[in-house]
Amino acid sequence: MNKLFGRKSSWENSNAFFLIVMDSVGIGEAPDAARFDDAGADTFGHIAGHMGGLHMPNMGKLGLSNIREIKGIQKTDHPMAHYTKMQEASNGKDTMTGHWEIMGLHIQKPFRTFPEGFPDELIQELKKRTGRDIIGNKPASGTVILDELGEQHMKTGALIVYTSADSVLQIAAHEDVVPLDELYQICETARELTLDERYMVGRVIARPFIGVPGAFERTPNRHDYALKPFGRTVMNELKDSGYDVIALGKISDIYDGEGVTEAIRTKDNGDGMTKLSETMDKNFNGISFLNLVDFDAKYGHRRDPQGYGEALEYFDKRLTEILDKLNSDDLLIITADHGNDPVHHGTDHTREYVPLIVYHTGIEEGKAIPLRETFADIGATISENFSIKMPEHGTSFLKNIIH
């Protein structure tokens with residue numbers, strides 16, 4: 001196959017594409033933001049303003065402020081990377097919609113969110129099928145709701161059901177009260193119920209915990225039950241053509257394992273960057289696909305611009321190792337899947353452009369890539385590079401980045 005990037009398998013280190021999704025790091029309101037009640041949203045800009053300027057020298061050198069100027073990050077006359085921003089074409093602003101679009105799909109019917117909790121008919125049916133009462137049924141932080149309802153759960157055996165700004169139904173249970181096998185079976189039942197078009201829930205998540213009141217702790221035994229993508233993605237085509245698709249963080253959950261050849265879990269953003277660095281030492285051909293969820297889950301939804309800004313600066317520090325490890329025919333793509341402006345109203349995602357930074361060591365001077373009108377352009381570019389079947393959506397920008 002006539003690959004433009006990617007090392008031969010005989011080389012010690014044979015990875016080609018490294019794709020980093022900075023979960024929720026938008027770069028300004030999209031043209032249709034008002035339709036999503038997100039007029040004025042600007043995740044990157046508002047965080048930089050709150051911080052009095054962001055210190056991100058690596059992203060600055062790559063050309064972040066050449067996309068649009070970010071306070072504290074100087075625009076460079078000689079960017080290391082090619083750069084632009086992307087507009088989401090699908091009808092939504094959640095994690096699954098953004099990621100599925102990146103890999104070549106177009107979502108017309110958005111996943112549902114439940115800011116007032118789940119409909120009573122769903123809750124009653126879940127109670128009937130599981131034989132357990134249900135408490136909670138509202139949007140909540142996964143740690144806060146344990147402090148609020150954990151003791152009651154332990155006394156009664158009632159399931160703690162809650163949601164978030166994402167399309168997700170989460171079920172928390174103490175491992176000494178509801179055995180893991182039973183919790184997983186309950187979540188499988190909930191997944192079956194929420195496949196109904198009335199609900200359109202993207203994921204059901206088992207959230208087991210341990211401990212005593214005042215000291216509850218979630219365990220690593222979390223399990224996600226996601227919808228499968230409704231069509232074949234670029235990842236499916238890569239896998240079926242013999243390439244590797246290494247899914248880091250929650251990537252495998254987002255695609256329900258479709259097109260994944262190896263799934264590696266991560267604890268947080270720092271661990272994600274460590275696992276990414278470790279994949280660079282492996283002998284494989286294909287893509288290494290990382291989601292950095294902390295930006296969204298720990299800071300965006302919790303409306304914490306200070307923590308968000310510090311996490312962005314930490315990410316930039318960790319980029320040094322990634323950039324230093326890239327070989328001459330590797331490609332690094334840094335982007336996002338939606339916005340989550342921590343100074344915007346509510347706790348929801350925000351409809352924004354996302355940055356697109358594309359770097360390889362052969363770039364003499366980075367240039368502006370034309371504005372991308374769908375995230376699927378990334379998938380199309382990967383497809384052209386590896387000479388696999390092109391997705392129905394997206395236009396490759398490979399010709400813009402090979403010189």
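Q: Before we start, when do two strands count as a pair here?
A: Two strands pair if DSSP finds at least two bridges between them. The coordinates are a predicted model.

Q: Fine. Which strand does β1 join, and how many bridges are there?
A: Strand β1, residues 17-22, is joined to β11 by six bridges, and the two strands run parallel. Within that pairing, L19 has F289 of β11 as its bridge partner.

Q: How many of the residues of β11 are buried?
A: Seven of the seven, residues 286-292, so β11 is largely enclosed by the rest of the structure. The cut-off for buried is under 20% relative accessible area.

Q: What about helix α13, how many residues are buried there?
A: Ten of the eleven in residues 376-386, so α13 is also largely enclosed by the rest of the structure. Among the buried ones are A376, I378, I382 and F386.

Q: What follows α13?
A: S387 does, and its phi is positive, near 55 degrees.

Q: Switching to annotations. Which residues does UniProt list for "domain: Metalloenzyme"?
A: The UniProt record, an unreviewed entry, gives residues 17-389 under that name. In the model, the end C-alpha atoms of residues 17-389 lie 17 Å apart, and the span is 34% helix and 20% strand.

Q: Which residues does the "binding site" annotation cover?
A: According to UniProt, again an unreviewed entry, D296, H301 and H349. They span 54 residues in sequence, yet no two of their C-alpha atoms are more than 8.4 Å apart, so they gather at one spot. Of these residues, D296 and H301 are included in the lining of the largest pocket.

Q: Where is D296, and is it buried or exposed?
A: D296 is in helix α11, residues 294-300. Its relative accessibility is 2%, so D296 counts as buried.

Q: What does D296 touch, sequence neighbours aside?
A: Not counting residues up to four places away in sequence, D296 touches D23, S24, T95, D166, H301, H338, N340 and H349. That list includes H301 and H349, which the UniProt "binding site" annotation also covers.

Q: And where does H349 sit?
A: H349 is in the loop between β12 (331-335) and β13 (354-359). At 1% relative accessibility, H349 counts as buried.

Q: What does the side chain of H349 reach?
A: The backbone oxygen of K93, at 2.9 Å. The contacts of H349 beyond four places in sequence include K93, D94, T95, D166, D296 and H301.

Q: Next, D42. Which loop is it in?
A: D42 lies in the loop between β1 and α1 (43-51). With a relative accessible area of 12%, D42 is buried. Neighbours within four places in sequence aside, D42 is in contact with I27, G28, R68, D341 and E352.

Q: Where is N137, and how accessible?
A: N137 is in strand β3, residues 134-139. Its relative accessibility is 21%, so N137 counts as partly exposed.

Q: What does the side chain of N137 reach?
A: The backbone nitrogen of F118, at 2.7 Å. Leaving out neighbours within four places in sequence, N137 is in contact with E116, G117, F118, I123 and V161.

Q: On to the rings. How many aromatic pairs are there?
A: The count comes to ten aromatic pairs. One of them is W100 with F111, edge-to-face, at 5.5 Å centre to centre and 80 degrees between the planes.

Q: Which parts does that W100 and F111 pair tie together?
A: W100 lies in helix α4 (residues 95-102) and F111 in the loop between α4 and α5 (120-130), so the pair ties together parts that are eleven residues apart in sequence. Both W100 and F111 are buried.

Q: What kind of pair do F114 and F118 form?
A: A tilted one, 4.7 Å centre to centre with 40 degrees between the planes. F114 counts as buried at 2% relative accessibility, and F118 counts as buried at 4%.

Q: Last one: which residues form a cluster with F295?
A: Y299, Y308 and F315; with F295 they form one aromatic cluster.

Terms used
Residues numbered from 1 in each chain as written. Predicted model: local features only at pLDDT ≥ 70, side-chain atom pairs only at ≥ 80, totals over all residues. Heavy atoms only, no water. Buried < 20%, exposed > 50% of the residue type's maximum accessible area, 1.4 Å probe, protein only. Helix = DSSP H or I, 4+ residues; strand = E, 2+ residues; numbered from the N terminus. Contact = heavy atoms within 4.5 Å. UniProt positions renumbered as here; feature names shortened; annotations may be inferred. Polar contact = N/O pair within 3.5 Å; in protein donor to acceptor, adjacent residues only side chain to side chain. 1 Å grid on protein atoms, 1.4 Å probe; cavity = no way out; pocket = protein on both sides within 12 Å on 5 of 7 lines; lining within 4 Å. Phe/Tyr/Trp six-rings, centres within 6.5 Å; stacked < 30°, edge-to-face > 60°.
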